[in-house]
Amino acid sequence: MTATIPAAPASAPSAPVAAPVGAAGSRGGKVRYPLDPIRAGAALAVVMFHVYQYQFGDITQPAAQVAPLRMLTVVSSASVDLFFVISGFLLYLGIARAGLEGRSAGSASLMLMRRVARLYPLYAVTVLLVWGVTNTRLPGVWQDLVLHLTMTQIYSQEFIFWTNGPAWSLAVEFHFYVLVALVMPGTAWACARVASRRGRTLVLLAVPGVLAAVGLAWLGYSILVARTPVTHWPTWFGFVAKAPMFATGMVMAVFSARGVRMHGAFGRRISVVVGAALAAVALALGASSASDTPAHEGWHLVYAVASVLVLGPLVFSPGTAPRVLTWRPLVFLGAISYGIYILHEPVMRLAGHLGLLVPARPDTLTVVLGWLLVSGAAVFGAWISRSVLEGPALKLLAVFSADGRRREYYPHLVAQEQPAPTPRLVPLGSRSARG
Amino acid sequence: MALLDRAFGVPVDETTHPGTRRAFARKRVVAVMAVSDRDEHFRVRDLRLRDALVEAVLDRIAGELTAGELVSMDAERGALVLELPTARPSAVRHRLNHLARHVARDPLPIGDGTRHALDVGVGWDVVVGPAAPALDPIFAAAHDAVRQRDLDAKQFRDPRRFWSGLRTVGSQIAASYAIALLVPFALLVGLNLLGLDLGPAAYWFAVATLAVTSALMWSESLFALDPPQPPDEPEGPAPRASAVIAAYLPNESETIVETLRHFLAQDYSGRLQVLLAYNTPHRLPVEDDLTALAATDPRLQLLRVHDSTSKAQNVNAALRHVTGEFVGIFDADHHPMPGAFDRARRWLAGGYDVVQGHCVIRNGDESALTRLVAVEFEQIYAVSHPGRSVQHGFGIFGGSNGYWRTSALRELRMRGSRLTEDIDISIRAVGSGLRIASDPGLVSLELAPVTIRSLWSQRLRWAQGWFQVSATSVSAQVVNPLLTTRQKLGMFALLGWREAMPWFATLPLPVMAYLFWRDGAVSLSSPLFLLTTLYTVLAGPVQALTAWRLAVPRLRTHPRWFAFYAVMTILVYSEAKNVAARVAQLKHLRGERQWVVTPRADGPRHAAPRSPRRVKVLR
């Protein structure tokens, strides 16, 4: 998850990734946000929830309803929402900056390719491996494979959580990337035709505005009118249901691009305190409210607001990140947080298959121990993946030039190259050991 | 060794380290350091001068001796005889190489005040007992080493021939398949009959080895997509540069003049010296043309290396005449692109010691075979070399279209005793901390082999040369403290894994056969089996696709060539190269083409001639 956001981008579009180093601030003209460590924390929270879920099977049973464990449900949900807010912010920031200056943020297809090269290889390899292991005879459940490889499992009530359950959020993310790629040219076009900065701001806010409106309308209809059951997964885990979270991040991006800053330490502290208080309230109420009613889904909007208050001090005050976010182990975990997230469920299932994760009487301690085991294995797998799969796969982007066109590797030869007449040949028995 | 003292008449005390205690009955190393009887222009030196030079060498070497080492002079044969304590062969060789380099580093002063650049060579062997060792073979080894000019000590070895029944290539191919297919099958069946079923373990082992190899290929392709770019143009005037073109003239007489004209037309910013270092068994008409060409352009120098039988010898001989700060090494059919030397200079000024360019086939449209080789060269030079240079943290010198800092090449020298002297010098360079870059943008055009026989012969020699280097280097390089962890892993992949894989590539077949024997049927409907098979099989075509994307413009316009290559790779070519690698290893183990000094029954003993093809065809 390595990328930087140019302060005055000439060509590089935004990417929903944060800085690999913790220090928020400016380096070489590029503003860097230490958001990866936050994502790492969120990913590990999701891991703990899934271990809890895996060990208890039915988390509504009394033994699973003890206070610390019940809160995992809320923390996990809020963590995933946080991912979406961060993605909305980072992906839209470059577009917002360029738009405010009345120019294009670059090639939409290249932006999309960047996302694909960064995220899809590990996603696809994991899906293929898990599907290959769990389907022992061809053709297997091929529909599941096709849906996952095309990131369309979120439309399936049956297969959405198959093969790699947490991967649903990646499918949602990709829907968002495609949407942004589609609106990028229009946004740039409109911003270029609006003279005032205020007008451009409105243009830029229109996209998250529409997105939020559609998402809220969908949630409102599902909760209040259709009263869709909470077990109808495509309704609650689809892209439209999560659109308000992305929109929240996009609005933050527009204001950040406009130069909104929290200059005083007091303001930042207030933001964190309010965010923490809101999170505590959400935690307490969310964990105690009935989770099997559609109204419970409304809590995600509260999590989105809490995300703004938590992220605000970081994104509106670049250069003032808490030192904890620059702590090297946390920075390392941040750099591999995507791998941790994608790999943790297959790792957990493997550990369970080996009998390492199924205690006779699960409780808080077994969940913590299981979490340590799964997290450790997932961190190791993510580190390996980062080195041998994700890093090399990013090289795919090198086939494009900065403007998104096909890269010419031999510009110095293009002018020189002319078909040469075939020379008279002399058989050459041997030459050098080319390797 | 008393005989030595008497025979050579040099007081031992003058040339022996003070701490030496001689025990005549012990096992020891005896080495001969011979001095070339010709000067750098291949004029024969008179005997008085030769003796004076040997004495000067003796003086220079005496100060370098350590405890237990002794040197004497054989005035009759114009050489020094050294006695060293026994040690590991690699340590002995290292020590003797150090002494040879010490002698050859600077011109030697002699009594009349003149200074002389000198080629020396060292032969050695382990001797047991008090009797004077049979020195003749060691002298022969030393004189061969002089001709190589690689400052690499040669150990005398009795000719070895293992598996005398495997003389023909056909029998060697059959043997390689027997080892690769029948041995694993028989082993699995035998163990099963003894109650041990290793089928599943063998299956997963085969899958794992193929998966790792494929992963390396995929990763190599991906890294190649973003090759390192040359550093910025250095400031200041361009230094002198040299191009050394090595040629076996009978093979190259039709193209060499055109090649030289191409080099003389190079537009290098500094002064460019073009040096043709060639050997020929007899005078050829084209030499008149070459002389005439040299007369018209002072930048061109001709050097006939009279005692050469290899490219390495030609290059080593040329090094004495190189005036450039950096030197490009080329085969006789190469046409480097305009501006090649300026681009190479950027790398060398940017902290690299060597930069390997991109060799592009210029006769690809000649036949299906040349098309195949043309695409393969793109895969090698546009994908594998740059990809590996990132993956492993070091590049490889490919023998031609490579540019060296002259001082580094002078220090390392090319070893004619290696079938692939380019790989050998690459590994030694990287192992000693030098940096080799790979630049696919540094293009030179060359010709491909036009017959299957010559292609097979070429690949067999490459494979055997790689194995020769691997066998002698892998264990030292993977623990070389000068290398980073990435580089050590790269060395293991390049010299260890790469050599083992041709034997593992066919492993799925005996394993499947065993499973069939065991169960009466084999299920091929496992999705995981299908996926891993696809992953493995597609690695080659993916490299072909990458090669097309990264190919030079003149080849990129032929996508069908790349599709043809991809299909051929899956069907034939990949396995053909595996067969060549396996056969090459068998040949090496049999001692074929191994450096051998064969003592003769009468007259002075000489280095045994190598196989005719080796002598005839200059790499």
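Buried means under 20% relative accessible area, exposed means over 50%, and partly exposed lies in between, with a 1.4 Å probe and protein chains only. By that rule B:Arg582 is buried, at 0% relative accessibility. This is a predicted model, in which local features need pLDDT of at least 70 and side-chain atom pairs count only at pLDDT 80 or more, while totals for chains, interfaces and linings use all residues; side-chain values use heavy atoms, with hydrogens and water left out. Residues are numbered from 1 along each chain as its sequence is written, and chains are lettered from A and ligands numbered from 1 in the order in which they are written.

**Chain B overall**

- Chain B has 22 helices and 15 strands. Helices (H or I, at least four residues) and strands (E, at least two) are DSSP runs, numbered from the N terminus.
- Chain B has 619 residues, and 58% of them count as buried.
- A contact means heavy atoms within 4.5 Å. Among contacts in chain B with a separation of 6 or more, 80% join residues 24 or more positions apart.

**Interface of chains A and B**

- On the chain B side, 66 residues are in contact with 41 residues of chain A.
- The area buried between the two chains is about 4600 Å², and carbon and sulfur atoms give 57% of it. Buried area is the accessible area (1.4 Å probe) that two parts lose on being put together, summed over both.
- B:Leu222, B:Pro527 and B:Arg549 supply 13% of the area that chain B buries against chain A, more than any other three residues.
- Three salt bridges cross this interface. A salt bridge is a side-chain nitrogen of Lys or Arg within 4 Å of a carboxyl oxygen of Asp or Glu.
- B:Asp226 forms a salt bridge with A:Lys395, and their closest N and O atoms are 3.6 Å apart.

**Salt bridges within the chains**

- Over all chains, the structure holds 37 salt bridges.
- A:Glu390 pairs with A:Arg118, the closest N and O atoms being 2.8 Å apart. A:Glu390 is in helix H13 (residues 364-393) and A:Arg118 in helix H3 (residues 108-134) of chain A, so the pair links distant parts of the chain, 272 residues apart. Both A:Glu390 and A:Arg118 are buried.
- B:Glu83 bridges to B:Arg28, with the closest N and O atoms 3.6 Å apart. B:Glu83 lies in strand E3 (residues 79-85) and B:Arg28 in strand E1 (residues 28-35) of chain B, so this pair ties together parts 55 residues apart in sequence. B:Glu83 is buried at 3% relative accessibility, and B:Arg28 is buried at 0%.
- B:Arg582 forms a salt bridge with B:Glu575, the closest N and O atoms being 2.9 Å apart. B:Glu575 is partly exposed, with a relative accessible area of 23%.
- B:Asp119, B:Arg149, B:Asp307 and B:Arg320 are joined into one network by salt bridges that share partners.

**Aromatic rings**

- The count is 33 aromatic pairs over all chains. Rings of Phe, Tyr and Trp (its six-membered ring) pair if their centres lie within 6.5 Å; planes under 30 degrees apart count as stacked, over 60 as edge-to-face and the rest as tilted.
- B:Trp347 and B:Tyr352 are edge-to-face, because their ring centres are 5.3 Å apart and their planes stand at 75°. B:Trp347 is buried at 1% relative accessibility.
- B:Phe397 and B:Trp404 are also edge-to-face, with centres 5.4 Å apart and planes at 85°. B:Phe397 is buried at 0% relative accessibility, and B:Trp404 is buried at 0%.
- Ring pairs in chain A build a cluster whose members include A:Phe84, A:Tyr120, A:Trp168, A:Tyr177 and A:Trp233.

**Charges over rings**

- A charge sits over a ring if NZ of Lys or CZ of Arg is within 6 Å of the ring centre and within 35 degrees of the ring normal.
- B:Arg435 lies over the face of B:Tyr352, at 4.0 Å from the ring centre.
- The charged end of A:Arg115 sits over the ring of A:Tyr177, 5.6 Å from its centre.

**Around B:Tyr514**

- B:Tyr514 lies in helix H18 (residues 508-519) of chain B. B:Tyr514 is buried, with a relative accessible area of 0%.
- Leaving out residues up to four places away in sequence, B:Tyr514 touches residues including B:Phe185, B:Leu188, B:Asn192 and B:Asp197.
- The C-alpha atoms of B:Tyr514 and B:Tyr203 are separated by 9.9 Å, although the two residues are 311 residues apart along the chain.
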